[in-house]
Amino acid sequence: MIDTPDLVDVHLLALDLADLHQAEAHHDELFREFALIAASNPPAGHEVPARLLALIEELTMGFAGFTSRPQEELAAAAARGDKEVDVVFTVPRSLDEAVTRFTELLTAADDYCRQGDLLTLAPPPEAVAFRNWYLGEFMAQSRGSDPTPWPEYRARALQSP
């Protein structure tokens, strides 16, 4: 962890690039659909899309400067054909609150997808586990926890009941 109290290093260990690509593709599809819903004056009961889009904008505008270097590293790893990569994001500790809200809204969006209220399909369990790990690492490490590699988290999250 770095010395500045307002910044924290978040280590995403053994990040599977195929899983990341799948998660990004699903989020892109979901966010496009929510943008269309929000632009069409959604009926009562569809407040999540507008709230989610506002939070996405907040995260993008407020924290983009902290993610450009790791995003370049991820793109370079994908271009090399790497299967997985370790990457470090140095972010404000205050990101924790926004990531917590983002996670809650994505969970609500999953419910919309499962209920058939959206064209976008609900993500499969492995994609949800990946998202929970990815976002959860930002929350946990900003609170002082050690990083958990994706394969370790996946094994625990997807084990049979």
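**Charged pairs and their labels**

Modeller: The side chains of D19 and R154 meet in a salt bridge, with N to O at 3.2 Å. This is a predicted model, where local features need pLDDT of at least 70 and side-chain atom pairs count only at pLDDT 80 or more, while totals for chains, interfaces and linings use all residues. Residues are numbered from 1 along each chain as its sequence is written, and side-chain values use heavy atoms, leaving out hydrogens and water.

Biologist: What makes D19 and R154 a salt bridge?

Modeller: The term asks for a side-chain nitrogen of Lys or Arg within 4 Å of a carboxyl oxygen of Asp or Glu. D19 and R154 have N to O at 3.2 Å, so the pair qualifies.

Biologist: Which parts does the pair of D19 and R154 tie together?

Modeller: D19 lies in helix 1 (residues 17-39) and R154 in helix 5 (residues 150-157), so the bridge ties together parts 135 residues apart in sequence. Helices (H or I, at least four residues) and strands (E, at least two) are DSSP runs, numbered from the N terminus. D19 and R154 also belong to a network of salt bridges with E126.

Biologist: Why is D19 called buried?

Modeller: Buried means under 20% relative accessible area, exposed over 50%, and partly exposed in between (1.4 Å probe, protein chains only). D19 has 11%, so it counts as buried. R154, at 23%, counts as partly exposed.

Biologist: How do you know that D16 has no salt bridge?

Modeller: For D16, the nearest side chain of opposite charge is R154, 4.4 Å away. Lys and Arg count as positive and Asp and Glu as negative, while His and the chain ends are not counted. The 4.4 Å lies beyond the salt-bridge limit, so D16 is buried yet has no such bridge. D16 is found in strand 1 (residues 7-16).

Biologist: What makes R69 and E73 a salt bridge?

Modeller: Their closest N and O atoms are 3.1 Å apart, so the pair meets the definition. Both residues lie in helix 2 (residues 47-80), four residues apart, about one turn of the helix.

Biologist: Why is R143 called exposed?

Modeller: R143 has a relative accessible area of 58%, so it passes the exposed cut-off. R143 forms a salt bridge with D96, with the closest N and O atoms 3.2 Å apart. D96, at 17%, counts as buried.

Biologist: How many salt bridges does a search of the whole structure find?

Modeller: Nine.
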